[in-house]
Amino acid sequence: MFSALLDRATTSIPRTLAACIALMLPMLALAVWGFRLSGFGAGALYFVVWWTMLFSVLPFRAAPDGTEVVVPGQDLGAPHKPQMRRKAVWTTLVADVVFLVAVAAFPLAGL
């Protein structure tokens, strides 16, 4: 069921962007109203967390399958289908969790 929903959300770039924004906005609202962060601070922290999580999600399911045609000059380890739209949604989901943990830890650190 989740895979079918993910497939529908990643059929185009605008749909993927809309899905990522729809997943991100509740976390930003929670940080601003629930944890008293400024809107700019919450957005900046989310941006940093999202980009960090992108680099941790990129290697998943990126192994070359061995059946692709190698173009001259192409890296042999490059995946044939990198599935970047799916990885953007997964990155947003992982970033939501990490962001929530980070924002919840701020009061403990006195920030």
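Begin by selecting C20, which is found in helix α2; helices here (H or I, at least four residues) and strands (E, at least two) are DSSP runs, numbered from the N terminus. The model is a predicted one, in which local features need pLDDT of at least 70 and side-chain atom pairs count only at pLDDT 80 or more, while totals for chains, interfaces and linings use all residues. Residues are numbered from 1 along each chain as its sequence is written, and side-chain values use heavy atoms, with hydrogens and water left out.

With C20 still selected, is this residue buried or exposed? At 12% relative accessibility, C20 counts as buried; buried means under 20% relative accessible area, exposed over 50%, and partly exposed in between (1.4 Å probe, protein chains only). Now display its surroundings: not counting residues up to four places away in sequence, C20 touches A88, V89 and T92, where contact means heavy atoms within 4.5 Å. The C-alpha atoms of C20 and V89 are separated by 5.7 Å, although these residues are 69 residues apart along the chain.

Next, zoom out to the whole chain. It has 4 helices and 0 strands, and from the N terminus on its elements run α-α-α-α. Of its 111 residues, 26% count as buried. Among the contacts in the chain with a separation of 6 or more, 74% are accounted for by residues 24 or more positions apart.

Select helix α3, residues 39–57, and compare its length with expectation. The expected span of a helix is 1.5 Å times one less than its number of residues. For the 19 residues of α3 this should give 27 Å, and the end C-alpha atoms are 26 Å apart, which agrees. Colour the buried residues of α3 to see A42, L45, Y46, V49, W50, M53, L54 and V57.

Several of these lead into the interior. A nonpolar core is a set of buried Ala, Val, Leu, Ile, Met, Phe, Trp, Tyr and Cys residues joined through side-chain atoms within 4.5 Å. Which members of the largest such core touch the most other members? Of its 20 residues, they are A42, Y46, V49, W50, A95, F99 and V103. Helices α1 (2–9), α2 (13–34), α3 and α4 (84–109) each supply at least two residues of this core, and the largest share, 7 residues, comes from α3. Centre on V103: leaving aside its neighbours within four places in sequence, V103 is in contact with A31, F35, L37 and L45.

Now show α2 and α3 together. Two packed helices are described by the angle between their axes and the distance between the axes. Axes are lines fitted to C-alpha atoms, for helices over the stretch in contact, and angles run from 0 to 180 degrees between N-to-C directions. The axes of α2 and α3 come within 9 Å and cross at roughly 135°. The contact is made by M24, L28, A31 and V32 of α2 and G39, A42, G43 and Y46 of α3.

Move to R36, found in the loop between α2 and α3. R36 is exposed, with a relative accessible area of 76%. Inspect its backbone as well: R36 has a positive phi of about 60° although it is not a glycine. Most residues other than glycine have a negative phi.

Two further selections complete the tour. A104, placed in helix α4, is partly exposed, with a relative accessible area of 35%. A104 and A31 are 73 residues apart in sequence and 8.6 Å apart in space, C-alpha to C-alpha. Finally, select D7 in helix α1, which counts as partly exposed at 39% relative accessibility. The C-alpha atoms of D7 and R86, 79 residues apart along the chain, are separated by 7.8 Å.
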